[in-house]
Amino acid sequence: MPEVDGVDISNFCTIFGIITIMNRGIMQTEKISRRGSKQKSIVLNAVRTLCNHPTAEDVLFKAREQIQNISFSTVYRNLGILVDEGDLITISGTGSEVHYDHVLKNHCHIQCRVCGKVRDVNFPAVDFKEISESDASGFTVDGVCVTFTGTCRQCRAKQGTKGAQ
Ligand SMILES: [Zn+2]
Ligand SMILES: [Zn+2]
């Protein structure tokens with residue numbers, strides 16, 4: 001099993017973060033007339049800037065850097081709209097918390113059983129279009145969500161196991 005602790009994608013995240021900051025700069029120069037669309041943009045940019053499959057609470061803290069008094073319900077509502085409109089996808093892992101992802105292509109995730117964080121896994125995504133109806137208990141298949149489970153490097157280090165690096 002390759003190391004899939006999420007550290008390997010840090011370069012990608014850094015690059016994406018820079019692009020996001022640039023985009024945000026462009027957006028700030030535009031006159032966004034409607035309050036609702038401004039809030040939605042801030043929520044979407046928060047997910048993109050965090051780049052780590054944040055929960056709604058994580059997004060709230062990030063969004064408050066832009067709008068200090070933005071409420072959890074506003075953030076949550078806008079996350080739902082962005083999912084409905086296809087700008088974000090949700091990842092339901094082992095816990096009750098939903099994580100949000102701005103990377104829309106079919107890819108696999110891993111969730112830490114200890115702290116709950118979610119990261120990408122560099123592993124071929126399942127091509128669900130090849131699964132026949134008869135192989136799927138009579139279902140037609142229209143999506144796939146693969147989430148591996150494990151223990152992240154930080155949690156292993158805290159536990160002091162041999163696997164810690
Ligand atoms: Zn962990
Ligand atoms: Zn992802």
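**Sheet.** I started with the strands and found an open sheet of three, in the order β4-β3-β5, with mixed pairing. This is a predicted model, so I take everything below as computed. I then looked at the edges: β4 (118-121) and β5 (147-150) sit there, each with a single partner strand, so one side of each has no neighbour in the sheet. From one strand to the next, the twist averages 35°.

I went on to the pairing of β3 (residues 108-112) with β5: the two run parallel and are joined by four bridges. Which residue of β5 is the bridge partner of Q111? I looked it up, and T149 is the partner.

**α2 against α4.** Next I checked how helix α2 (residues 35-50) meets helix α4 (residues 72-84). Their axes come within 9 Å and cross at roughly 80°. I count angles of 65 to 115 degrees as roughly perpendicular, so α2 is roughly perpendicular to α4. On the α2 side, I noted Q39, K40, V43 and L44 in the contact. The α4 side brings T74, V75, N78, L79, I81 and L82. Sorting the residues of this contact by type, I got six nonpolar, three polar and one charged.

**α3.** Last, I asked which residues of helix α3 (residues 56-63) are buried. My list reads A56, V59, L60 and A63. Looking down the axis of α3, I see these buried residues fall within an arc of 105°, so they line one face of the helix. I also wanted to know what covers the buried residues of α3. The cover includes α2 and α4, and β2 (98-101) is part of it too.

Note on methods
Residues are numbered from 1 along each chain as its sequence is written. Chains are lettered from A and ligands numbered from 1 in the order in which they are written. This is a predicted model: local features need pLDDT of at least 70, side-chain atom pairs count only at pLDDT 80 or more; totals for chains, interfaces and linings use all residues. Two strands pair if DSSP finds at least two bridges between them. Axes are lines fitted to C-alpha atoms, for helices over the stretch in contact, and angles run from 0 to 180 degrees between N-to-C directions. Angles under 35 degrees count as roughly parallel, over 145 as roughly antiparallel, 65 to 115 as roughly perpendicular and the rest as oblique. Two residues are in contact if their C-beta atoms, placed from the backbone, lie within 7 Å. Ala, Val, Leu, Ile, Met, Phe, Trp, Tyr, Cys and Pro count as nonpolar, Asp, Glu, Lys and Arg as charged, and the others, Gly among them, as polar. A residue is buried if 20 or more other C-beta atoms lie within 10 Å of its own, exposed if 12 or fewer, and partly exposed in between; C-beta atoms are placed from the backbone. The arc is that of the directions from the helix axis to the C-beta atoms.
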